[in-house]
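Subject: Structure handover

Hello,

Please find the structure below, with the sequence alongside. My notes on it follow.

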Amino acid sequence: STATSIAQQKFNNCIMNASGVWCSDEKELTIIDNSAAGTFVTKSGTLQPREGNPSPRYFETSWGSINSMGLPNRGLDYYLDFVQKLQQQKRQKHYFISCTGFNVQEDLLLLKKITDADFKGIVELNLSCPNVPGKPQTGYDFATVDMILKNVFENYAGPLGVKLPPYFDIVHFNQMAQILNKYPLAYINCVNSIGNGLYIDDEKEQVVIKPKNGFGGIGGDYIKPTALANVHAFYQRLDPKIQIIGTGGIKNGQDVFEHILCGASMVQVGTALMKEGPDIFERLTQELKTIMQAKGYSKIADFKGKLKYL
Ligand code: DHB
């Protein structure tokens with residue numbers, strides 16, 4: 001079985017979409033809901049709907065992707081309404097709603113809306129969008145992360161996790177883990193895209209996306225080693241009550257296996273889902289099952305976090 005649970009909520013599959021991919025409206029979310037994915041997470045909802053940045057704003061390369069979407073979304077109310085409709089169908093399935101404010105006051109307003117809507121699923125607070133011009137990635141400002149989490153947990157009672165940017169220094173893993181361990185987080189999601197990369201078309205001697213003169217978040221093959229390092233660094237450092245969702249560079253069953261071996265309880269697929277579409281969930285699930293069978297593992301817990309050292 002590839003079943004898992006996050007915040008005591010059960011999911012029949014540990015594989016799902018990453019926020020931003022195939023989750024911008026009811027049509028896309030319904031397709032993920034009806035796919036082999038364990039559940040879905042919505043595009044990060046903001047207080048007001050947003051058009052996002054000018055196009056082209058997503059570009060696929062041989063080894064991954066670069067994007068500067070700029071948080072195009074229907075607004076949090078839209079996603080809450082849709083998930084509420086699904087909840088009312090009295091199914092056992094739970095969903096993730098991603099949201100992001102432009103300051104702590106906005107974060108608290110978003111969480112108030114979620115509380116008032118009697119949302120039964122899990123909140124993913126996005127602390128790591130790299131693509132809004134003039135707005136730094138919150139996850140790199142440690143004091144602000146601490147302040148936001150303090151306010152969030154004084155005001156929101158439901159299960160909540162945070163989406164983090166990748167970190168690249170052992171001291172940063174230590175410092176961030178120390179902050180995260182102070183709070184009753186359900187989970188952390190490692191990692192968002194590697195921010196502000198630059199991909200170039202050599203023939204045209206030109207950038208490939210329009211916003212920010214071509215700078216954008218990097219996903220896909222490029223980021224798997226960074227993602228695995230973040231998943232495992234936090235697995236080593238966090239209170240075991242804080243679970244980990246692994247995101248970054250997953251395009252086959254082996255990649256899923258590696259994220260779980262590093263400590264992930266669930267995994268999310270972005271760039272490869274964008275490329276292949278929602279049929280990818282069936283393929284990844286079968287590939288993971290084949291690997292587990294060959295290794296004699298019958299459940300995720302048999303190998304989760306059990307990475308060996310030399
Ligand atoms: C966007 C990109 C991200 O990596 C993120 O966390 C949120 C939003 C975007 O550009 O829309």
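**The antiparallel sheet**

Strand 4 and strand 5 (residues 64–67) pair in the antiparallel sense over four bridges. Two strands pair if DSSP finds at least two bridges between them. Within this pair, phenylalanine 59 has isoleucine 66 of strand 5 as its bridge partner. Both strands belong to an open sheet of four strands, antiparallel in its pairing, with the order 4-5-13-10. Strand 4 and strand 10 are the edge strands, each pairing on one side only. From one strand to the next, the twist averages 40 degrees. Axes are lines fitted to C-alpha atoms, for helices over the stretch in contact, and angles run from 0 to 180 degrees between N-to-C directions.

Before going further, a note on the source: this is a predicted model, in which local features need pLDDT of at least 70 and side-chain atom pairs count only at pLDDT 80 or more, while totals for chains, interfaces and linings use all residues. Residues are numbered from 1 along each chain as its sequence is written.

An open sheet of seven strands has parallel pairing and the order 3-15-14-9-8-7-6. Its edges are strand 3 (15–17) and strand 6 (96–99), each of which pairs on one side only. The twist here averages 25 degrees from one strand to the next. Isoleucine 15 stands opposite valine 267 of strand 15.

**Helix packing**

Helix 3 and helix 4: the axes come within 10 Å and cross at roughly 25 degrees. That makes helix 3 roughly parallel to helix 4. The cut-offs are under 35 degrees for roughly parallel, over 145 for roughly antiparallel and 65 to 115 for roughly perpendicular, with the rest counted as oblique. Helix 3 passes helix 4 in a right-handed crossing; a crossing is right-handed if the near helix is turned clockwise from the far one by less than a right angle, and left-handed if anticlockwise. Val104, Asp107, Leu108 and Leu111 of helix 3 meet Met147, Ile148, Asn151, Val152 and Asn155 of helix 4. Contact between two residues requires their C-beta atoms, placed from the backbone, to lie within 7 Å. By class, the contact of helix 3 with helix 4 has six nonpolar, two polar and one charged residues. In this scheme Ala, Val, Leu, Ile, Met, Phe, Trp, Tyr, Cys and Pro count as nonpolar, Asp, Glu, Lys and Arg as charged, and the others, Gly among them, as polar.

Helix 4 and helix 5: the axes of helix 4 (residues 142–155) and helix 5 (residues 170–180) come within 10 Å and cross at roughly 15 degrees. Helix 4 and helix 5 are therefore roughly parallel to each other, and the crossing is right-handed. On the helix 4 side Phe142, Val145 and Asp146 meet Gln175, Met176 and Ile179 of helix 5. These residues divide into four nonpolar, one polar and one charged.

Helix 7 and helix 9: the axes of helix 7 (residues 253–261) and helix 9 (residues 280–295) come within 7 Å and cross at roughly 65 degrees. This crossing is also right-handed. Gly253, Gln254, Val256 and Phe257 of helix 7 make the contact with Leu284, Glu287, Leu288, Thr290 and Ile291 of helix 9. The contact has five nonpolar, three polar and one charged residues.

**Ligand shell**

The ligand is surrounded by 15 residues, and the closest are Met69, Leu71, Cys129, Asn131 and Ser193. The shell divides into four nonpolar, eleven polar and no charged residues.

**Backbone points to check against your own view**

- Serine 55 and proline 56 are joined by a cis peptide bond, with omega about 0 degrees. Proline 56 is found in the loop between helix 1 (26–33) and strand 4 (58–61).
- Cysteine 190 and valine 191 are joined by a cis peptide bond, with omega about 10 degrees. Valine 191 lies in the loop between strand 9 (187–190) and strand 10 (194–198).
- Aspartate 118 is not a glycine, yet has a positive phi of about 55 degrees. Aspartate 118 sits in the loop between helix 3 (104–116) and strand 7 (122–126).

Regards

Terms used: Helix = DSSP H or I, 4+ residues; strand = E, 2+ residues; numbered from the N terminus. Near = placed C-beta within 6 Å.
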